[in-house]
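Subject: Structure for you, with notes on cavities and salt bridges

Hi,

Here is the structure I promised to pass on.

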Amino acid sequence: MTVEFWYLIGAALVFWMQAGFAMVETGFTRAKNAGNIIMKNLMDFCIGTVVFSLLGYTLMMGEDALFGLIGLPNMDLFANFKNFIASPDNGFTGASTFVFNLVFCATTATIVSGSMAERTKFSAYCIYSAIISLIVYPIEAHWIWGGGWLSQIGFHDYAGSCAIHMVGGVAALVGAIILGPRIGKYVKDKTGKVVKVNAIPGHSIPLGALGVFILWLGWYGFNGAAATTASELASIFLTTTIAPAVATCTTMIFTWIKNGKPDVSMCLNASLAGLVGITAGCDAMDAVGASAVGIVSGILVVIVVEVLDLKLHVDDPVGAVGVHMANGIWGTLAVGLLANPDAPAGLGGLFYTGSFSLLAVQILGVVTVAAYAAVMMIIAFKIIDKAHGLRASVDDELAGLDASEHGLPSSYADFAPSVDRYTSYAGYDNIPAVVGDTPPAEAIPVKQVPSFNNNPDAVKFTKIEIVCKESRFDALKKAMTELGITGMTVSHVLGCGIQKGKPEYYRGVELETNLLPKIQVDIVVSKIPVRSVIETAKKVLYTGHIGDGKIFVYDVENVVKVRTGEEGFDALQDVE
């Protein structure tokens, strides 16, 4: 009873991971698609529950058939419920086993949501979700955990690096390739060659980070739920902690050296990569093996994400392929290399025993499961694309799937929507044609404003415009007051600029300039020397960092006080 209780608690933790996936994917994509992302993660579990209970569960856990290829379907869940929930002499109840395997199935399905985010029809995604939970995942999971042919030859995947993460990652890669990139992600020349890769940052790193912490917590149930002794559970918790921590440190150092600054989103991906990498061998490795898995995972995730984006031009907004497929493969093979006979599983990897036998079995399992998943998902996505349509329309994608697919104006109703910088992009075939006859000079008129008559004896007025950081405004205002400035106009503005030779990177892709909040202060002076104002402002604003601000100086023809009608120097006086 105690072991089965923990088994179900572990299943609940794995279910909670759906929230983690939803937060990571939402944070790493744009705000206009947040509701769509949440809806897909919700429906992955709900649709998965329906189809897994109807057929998927028995294909996975039913009596072995066809030489270990599938389980025999049955309807015990519905037709023999009393026995289904009865406690057996050994093992867990059928109900516990069903719930446990269901939450794992849902995890496999939801991995794909991130790689195909922001441009997939919601209805098409629901069809995909049903297919992978109905037949794709259950069959390969039977090979590994249901008594199928791989389990019979000694293949070891304790919690799913191969069965779940690699399969989900393969499906994510296939889906992203067939679907194509988001609008504006890649700029092509006339021959169709990609000449520029655009970074499309996610709208909320805090949400992404929250998702990673939720997933890390859930992973203790993901890896540890099947443990049957305290020693085994403790060992699994240890390796499940070390691998992601080492992976994150590795990525931080790697991106720091490579890009000049540690990459936040890549480090978040690295935590997940380390968790994926240790999942297959969490019961078979020691602390050294878990550290080795983490080091490789931390480097591997960065390389795969950047190669896919910069070289192969496969658009994966959240890094699902790099996290799940690449590290699912690595983690499964790592068992054959790093399994320690002293660990709870008692397996001997190449580096501890000198034997290639376990590694050979692990390689065979990875190749066959990956090939099966790739073929099945290519067929599934191609059929969905031809019969129903996989990709949202151009207009729907540009507007955001929240509005077009769900009638949701914004997932953040109290916040102003951001302007999509990729509304115009290379290759957009629906740009309205120019049909008017009006010449450009008339359609967009430019008028010269006449100046006042210059009077050499007139008092000189000068406008000084200061653009600075918000944090320095109070100091500037105090300094101007002490100088004798009694009036100024202050505006909140947005500005952009980039220092040559100092590019910033998002997930290895160079960022374009972004608009940043600034303060603009306008001051008109006559009696107070312009140079005094400039030098005072420079002294107050200077920090030695890029973006301290700029000062513009303009000649002013005249000043008119509206209330009194005074002009010139008198209009600048604030006392009656």
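A word on terms before the cavities: on a 1 Å grid over the protein atoms alone, a cavity is a set of points where a 1.4 Å probe fits but cannot get out, and its lining residues have an atom within 4 Å of a point. Grid points are joined across faces, edges and corners, and a volume is the space filled by probe spheres set on the points. Please keep in mind that this is a predicted model, where local features need pLDDT of at least 70 and side-chain atom pairs count only at pLDDT 80 or more, while totals for chains, interfaces and linings use all residues. Residues are numbered from 1 along each chain as its sequence is written, and side-chain values use heavy atoms, with hydrogens and water left out.

**Cavities**

Three cavities of 30 Å³ or more turn up by this rule. The largest cavity holds about 160 Å³ of space. Its lining is made of 17 residues, and those nearest the centre are Lys185, Asp309, Asp316, Pro317 and Arg507. Two elements give two or more residues to this lining, α12 (287-311) and α13 (320-338); helices here are DSSP runs (H or I, at least four residues), strands are runs of E (at least two), and both are numbered from the N terminus. With three residues, α12 supplies the largest share of the lining of the largest cavity. By type, that lining splits into nine nonpolar, two polar and six charged residues (Ala, Val, Leu, Ile, Met, Phe, Trp, Tyr, Cys and Pro count as nonpolar, Asp, Glu, Lys and Arg as charged, and the others, Gly among them, as polar).

The second largest cavity has a volume of about 90 Å³. It is lined by 13 residues, with Phe21, Val24, Val318, Ala320 and His324 closest to its centre. Helices α1 (2-27), α5 (94-115), α11 (264-279) and α13 each give two or more residues to the lining of the second largest cavity. Here the division is eight nonpolar, four polar and one charged.

**Salt bridges**

Side chains of opposite charge can pair when their charged atoms come close. Counting a salt bridge as a side-chain nitrogen of Lys or Arg within 4 Å of a carboxyl oxygen of Asp or Glu, the model has 10 salt bridges.

One of them joins Asp555 and Lys460, at 2.8 Å from N to O. Asp555 sits in strand β10 (residues 549-556) and Lys460 in the loop between α18 (440-443) and β5 (461-468), so this pair ties together parts that are 95 residues apart in sequence. Asp555 is exposed at 63% relative accessibility, and Lys460 is exposed at 53% (buried means under 20% relative accessible area, exposed over 50%, partly exposed in between, with a 1.4 Å probe and protein chains only).

Glu535 takes part in two bridges: with Arg531, the closest N and O atoms are 2.9 Å apart, and with Lys538 the N to O distance is 3.7 Å. Glu535 and Arg531 lie four residues apart in helix α20 (residues 530-541), about one turn of the helix. Glu535 is partly exposed at 36%, whereas Arg531 is exposed at 52% and Lys538 partly exposed at 45%.

Finally, Arg30, Glu118, Arg182 and Asp315 are linked in a network of salt bridges.

Best wishes

Technical notes:
On a 1 Å grid over the protein atoms alone, a cavity is a set of points where a 1.4 Å probe fits but cannot get out, and a pocket is an open set with protein on both sides within 12 Å along at least five of seven lines; lining residues have an atom within 4 Å of a point.
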